[in-house]
Amino acid sequence: MIYEHVYLFTGPTYAGGEANPSTIVKNLTSSSAPSYFDVLAGENFTTLSNNFVPGGGVIQGLLYVPDLASGDPCQNVVDAILPANVTRQAALPPTNYNLIAIAPWTSADCAMSFLDEARTDPLRAFIFYQPNGNYSPPPPADDDVWQLDGDGSWKNSHHYPIYAISGGKGAEMMTQLSLYSGRIAQVPFGDDIAAIYNPDEQDYARIWTRLHVSPDTSFPGLWICIIAIVSVLVFVIGGTSLMMHYMQYRRRVSLRRRVMSGETDLEALGIKRLHVPTEHIETFPLFTYSYDAPVPPLDMTPQSPDPIHRSFSQSAPSSLSTKINTRTDYQPTCLICLDHFVSRSTIIRELPCGHIFHPDCIDEFLSEISSLCPLCRTSMLPIGYCPKITNSMARREMATQKLRPRTAKAPKAKSVRERRFSRTSIIKKAYSHPSSPTAELSPIEVPERVVVATGHSGELGLDASRQRMQQLAIPVDETSSDDGKPPWRLAAKRVFPGFK
């Protein structure tokens with residue numbers, strides 16, 4: 001919508017050679033003005049460029065026609081169309097009021113000349129019209145008639161919006177602009193204006209135009225570039241985060257598979273303390289301890305020249321005792337409570353690795369302290385069991401694998417967890433091949449035995465027994481690597497798993 005108002009300005013006065021700025025005295029088209037002052041309204045206009053439209057969508061300023069440069073070939077074409085006394089920039093008040101330019105669109109070259117000449121003016125908008133006298137809506141913005149260059153970049157190369165109105169409305173605005181371009185005595189109804197407002201003879205009337213347009217909802221080129229850059233960054237960051245999450249997921253899946261198959265032991269690697277489920281411990285067989293030492297053969301080695309009168313060697317029993325006590329499958333003592341087993345009396349529990357303990361001792365150790373055998377460090381977890389795998393576990397397990405020396409790989413031994421329980425009694429095992437060679441046992445420091453008044457002689461006290469269990473368990477560092485880190489590093493680690 002376009003509104004035109006007639007404003008009365010004070011004429012310039014000279015004092016000391018300097019012109020005082022003109023000021024607005026009266027809006028002649030106000031409600032108290034005579035009805036013969038025209039208000040021009042038009043709705044048929046096309047937005048060619050929507051640059052720098054105010055937020056309220058209201059653009060206003062003094063209407064004028066820009067002056068073309070002398071010698072411009074478009075001057076003759078425009079002079080044949082425009083009224084002779086149309087308002088030019090020289091006829092405007094010397095004060096720096098906002099301006100709205102209007103010009104006929106006769107050709108692309110002439111339109112560009114008008115835009116170039118108005119480049120330095122304080123414009124708030126530029127209005128073009130085709131001088132065809134047609135009141136139908138002007139062609140759309142993408143029509144070829146409005147093309148000044150191949151790609152239409154001219155529409156965004158100016159610091160003000162550009163509009164097009166119908167030819168008939170443009171001619172009416174030019175007529176109004178020519179009527180109100182002189183002093184009060186020269187404008188229409190000048191006598192009536194002088195009678196009502198009693199102006200000075202130097203005062204003059206000019207047209208003030210107000211455009212009501214839709215605010216610019218499109219993004220300028222700079223914002224488009226910023227949004228494009230931000231979009232690329234979001235895409236790169238999001239893609240990198242998804243890729244890192246997927247890599248960590250694959251590592252967790254791989255570690256879970258190896259833990260469930262018994263190939264990797266998290267506790268043996270010092271990554272996480274694990275406990276054996278009670279229902280699985282109860283599947284380990286119970287036996288009555290029975291171990292009978294064989295009768296030592298007589299030593300027939302002569303000790304003197306006269307074998308008839310010599311007795312058997314006194315060192316034979318001691319030598320035989322040493323051989324029996326050093327058998328690798330000879331387990332006369334519970335390693336946890338340090339109490340001796342009583343043959344044919346003590347109830348013992350046998351682990352899959354072949355080592356035996358008091359049921360109370362080993363049950364508490366496996367269910368509360370560690371999932372590894374106290375002697376050979378073999379895992380007692382059931383096949384298919386796996387705790388919740390985290391990114392930290394997968395990262396530490398991978399780091400542990402890298403720290404291992406690069407030596408030739410030995411043939412993979414069958415996991416103890418894959419063997420069936422041997423339900424042979426200890427007495428049969430005493431004369432079989434050893435099941436847990438001493439050379440493979442981890443060195444364990446056995447403390448001095450403590451005698452307390454408990455169920456049986458030589459048993460460790462309750463506190464000492466639990467302390468003993470803690471000593472038998474391998475150390476595991478479960479402290480979080482995120483402790484003490486600032487919040488921004490924790491947030492970055494959530495977005496980029498694996499970020500240190």
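A residue counts as buried when its relative accessible area is under 20%. Keep that cut-off in mind as we look around this predicted model.

**Aromatic rings**
- There are nine aromatic pairs in the model.
- In one of them, the ring centres of F9 and Y97 are 5.5 Å apart and the planes stand at 75°, so this pair is edge-to-face.
- F9 sits in strand β1 (residues 2-9), while Y97 is in the loop between α1 (74-79) and β7 (99-104), 88 residues apart.
- Y97 also forms an edge-to-face pair with W208, at 6.4 Å centre to centre and 85° between the planes.
- Because W208 lies in strand β10 (residues 204-212), this pair ties together parts that are 111 residues apart in sequence.
- W208 is buried too, since its relative accessibility is 11%.
- Y7, F9, Y97, Y204 and W208 make up one aromatic cluster.

- Nonpolar side chains tend to be buried together in soluble globular proteins.
- Here the largest nonpolar core has 58 residues, and I102, F126 and F128 have the most contacts inside it.
- Strand β8 (residues 123-129) gives this core its largest share, six residues.
- Another core, of 36 residues, lies apart from it and includes F284, C353, F357 and A473.

- In helix α11 (residues 462-472), the buried residues are S465, R468, M469 and L472.
- They are on the same side of α11 because they cover an arc of only 100° around the axis.
- D463, Q467 and Q470 are exposed on the other side of α11.
- Helix α8 (359-369) is part of what covers the buried residues of α11.

Notes:
Residues numbered from 1 in each chain as written. Predicted model: local features only at pLDDT ≥ 70, side-chain atom pairs only at ≥ 80, totals over all residues. Heavy atoms only, no water. Buried < 20%, exposed > 50% of the residue type's maximum accessible area, 1.4 Å probe, protein only. Helix = DSSP H or I, 4+ residues; strand = E, 2+ residues; numbered from the N terminus. Arc of directions from axis to C-beta. Contact = heavy atoms within 4.5 Å. Core = buried A, V, L, I, M, F, W, Y, C linked by side-chain atoms within 4.5 Å. Phe/Tyr/Trp six-rings, centres within 6.5 Å; stacked < 30°, edge-to-face > 60°.
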